[in-house]
Amino acid sequence: MNSTLITTIAASKATRADSQGLRLRKYWLALLALVLLVTPKPSFGQATSQVASGDDGGTAQPTPAEITKELEAMKARIEQLEAELKTLKTQANPSAAVAQASPAPSGATSATYASGGPATPAATPDFKRVPGSEFPQAETAKPAKVEPFSDYDWTWLNGNPRTKDIFWDSKFFTPEIRADVNFVHDFNHPTDHSMGGSSELFRTEEIQLEQLGVGGDFHFDNVRARLMTQLGMYSATTPRNDPSPGHGQWDLVTAYRYVTEAYGGYHINALHGVNVDAGIFLSYIGLFSYYNFDNWAYQPSYVSSNTPWFFEGMRIQIFPTAHLKIEPWFINGWQSYASANHRPGIGGQIKWTPFPWMNIISNNYGLGQDDLFIPGRKRIHTDDSIEIKYFDRPENTLDKMAFSFTGDLGCEYGGGVSCLGTKNGHPKQSFVGYMFYNRFWFHHDLFGLTLGGGQINNPGRYLVLVPPINGASAITAATSAPYFTGNPGDPFKAWDTSFTFDYMPKQYITFRWEYDYRHASVPYWTGRGGITPPGGNNGSPEFFACSNGATSGQTSLAAAETACGGGISSVWFPDLRRDESFIDLSILVKF
């Protein structure tokens, strides 16, 4: 068999080959080379040189250069046939060609949380027969079900981590490690380095570990669990805002203070997934995440900072589609380890992502009796957010822009208060607030810039964070807070603004610089004199303190003056201001 015939056969076979046969091209080339080397009396069209073989003296063999030239010609012909075959495929299924040219979606980690396991791979494209072609029709593949919120890149969202890759994962466990360290310079220069009115920043002129979280997600055979620790400032500051441990016995603050998330549950393979979980889980009321790494700014406005970061109870996450979540809650109360009175709370979240540039969230809560020692007073609240990515040009220096808007409305009724105020003397106890943030990304998301702020009006102060004057907490304030009262009808209005700059050299770390200005209608923020009595906290924050630091044992000012023995000058007062401005620097890490 001569080389011309071999070439003709190879070309004919390449024309009839399907897509899998083409992947065997390199093996055909090797076989052809072997045949050319061992077959006697080959004929090359324009060959002129001959090499003697054996003793017959008349047998000619091609030179290596001639063999190489012929192989290159065959390779070029096969590549031409392969290109023609791809053209026929594209005509047969143009949608597959579009999908093949599009980049794979990122942000698939949400699928893992939705189902308790890795995301399902996409189905193989279905190439259908073109009329008149010689390619056999492939069997139609059933499309794989898309995991919830996994088909778009959601790393741009406020309150969502931007990490896309996991260094190590397994069928059973997906690890997670977080570190949050900050430094604050307060322009009020409090002498005791103590800040109030925030659930994110607590001390000034010091480097503080906000949180060290270690844990992750466990998932096997549809059973799921999650554990995340909170070591650092969060372990002291988050429990102090919960009054419910003051209801009854057992030290729930100590039991839970080092846990951020701890729940177990089961994933049901229905619709696009159903998760049933019980334990401690994050609330996301107020849009911002409890983890500062996930947010556009470090210090959020009041509708986020003053609303729940966690719930304890039960939730059911239902995913009717890949872009819709319906999540009812049955919980102990409003950010509480227990029930402050005798009735738990109910609520839920609806999350809808109709487009890759839009996120809509609605959180709602009701029926809970959350004011310690005031049975019969009920709370309702709605928190609604929209996020829009209105600019996305990855090739530009300014490559992305997005905004988030959150509006909150709530009130309390019963127990001597009402939502609107009544003629029978029940004062208005309500909460109205909003916040708006706009985010800019630069140089392929290496830099980020956020401008934003918000405003609240909260008569009755039931959602105003109690300043930690003399060590006050939500539990002690439920009994008495002489320096910052929370009586029905007490006014409180506030607004704030912030400027945040992020440097993000890797997806796992953020270096953040932020400036914040906050204003309140009443003295609230820590001033230069501080909020700590002389000699330190005296252990009785529910009473006025004397100027020597001792407790007066009295909740009224007149009685405290008498008890301290020297009139008004003998009573100690914290230094509270209407304005606060500060710079905070932070390093945020997430693996």
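V181 is found in strand β1 (strands are DSSP runs of E of at least two residues, helices runs of H or I of at least four, both numbered from the N terminus). V181 counts as partly exposed because its relative accessibility is 31%; the partly exposed class lies between buried, under 20% relative accessible area, and exposed, over 50%, with a 1.4 Å probe and protein chains only. The model is predicted, so local features need pLDDT of at least 70 and side-chain atom pairs count only at pLDDT 80 or more, while totals for chains, interfaces and linings use all residues. Residues are numbered from 1 along each chain as its sequence is written, and side-chain values use heavy atoms, with hydrogens and water left out.

V181 belongs to a nonpolar surface patch of about 780 Å². Patches are made of residues with over 30% relative accessible area and no salt bridge; like charges are joined within 9 Å, and nonpolar side chains (Val, Leu, Ile, Met, Phe, Trp, Tyr) within 5 Å. A salt bridge is a side-chain nitrogen of Lys or Arg within 4 Å of a carboxyl oxygen of Asp or Glu. Strands β1 and β2 each supply at least two residues of the patch. The largest share, four residues, comes from β2.

The protein has eleven helices and 18 strands. Of its 591 residues, 48% are buried. Its accessible surface comes to about 27800 Å², of which 61% belongs to carbon and sulfur atoms (Shrake-Rupley method, 1.4 Å probe; for residues, only the protein chains shown count as cover). Among contacts (heavy atoms within 4.5 Å) with a separation of 6 or more, 67% join residues 24 or more positions apart.

In soluble globular proteins, nonpolar side chains tend to be buried together. The largest nonpolar core here has 46 residues. Such a core is a set of buried Ala, Val, Leu, Ile, Met, Phe, Trp, Tyr and Cys residues joined through side-chain atoms within 4.5 Å. I456, F492 and Y524 have the most contacts inside the largest core. At least two of its residues come from each of β5, α9 (302–305), β6 (310–321), β7 (324–331), β9 (358–366), β12 (430–442) and β14 (493–506). β12 gives the largest share, four residues. Residues up to four places away in sequence aside, I456 touches Y302, V303, N306, F431, V432, G433, F492, K493 and A494.

A second, separate core of eleven residues includes Y483, F544, A545 and W572. A545 also meets C564, which lies in helix α11 (residues 557–564). The two are 19 residues apart in sequence and 8.3 Å apart in space, C-alpha to C-alpha. Beyond four places in sequence, C564 also contacts C546, S552, S570 and V571.

Two polar residues are buried. N275, in strand β5 (residues 274–282), counts as buried because its relative accessibility is 0%. Its side chain makes a polar contact with the side chain of H267 at 2.8 Å. A polar contact is a pair of N or O atoms within 3.5 Å; within protein, one must be able to donate a hydrogen and the other to accept it, and residues adjacent in sequence count only if both atoms are side-chain atoms. S198 lies in the loop between β1 (173–186) and β2 (207–220). At 11% relative accessibility, S198 is buried. Its side chain makes a polar contact with the side chain of Q299 (2.5 Å). A polar atom of the S198 side chain also lies 2.9 Å from the backbone nitrogen of E200. Neighbours within four places aside, S198 is in contact with Q299, S305, L465 and R518.
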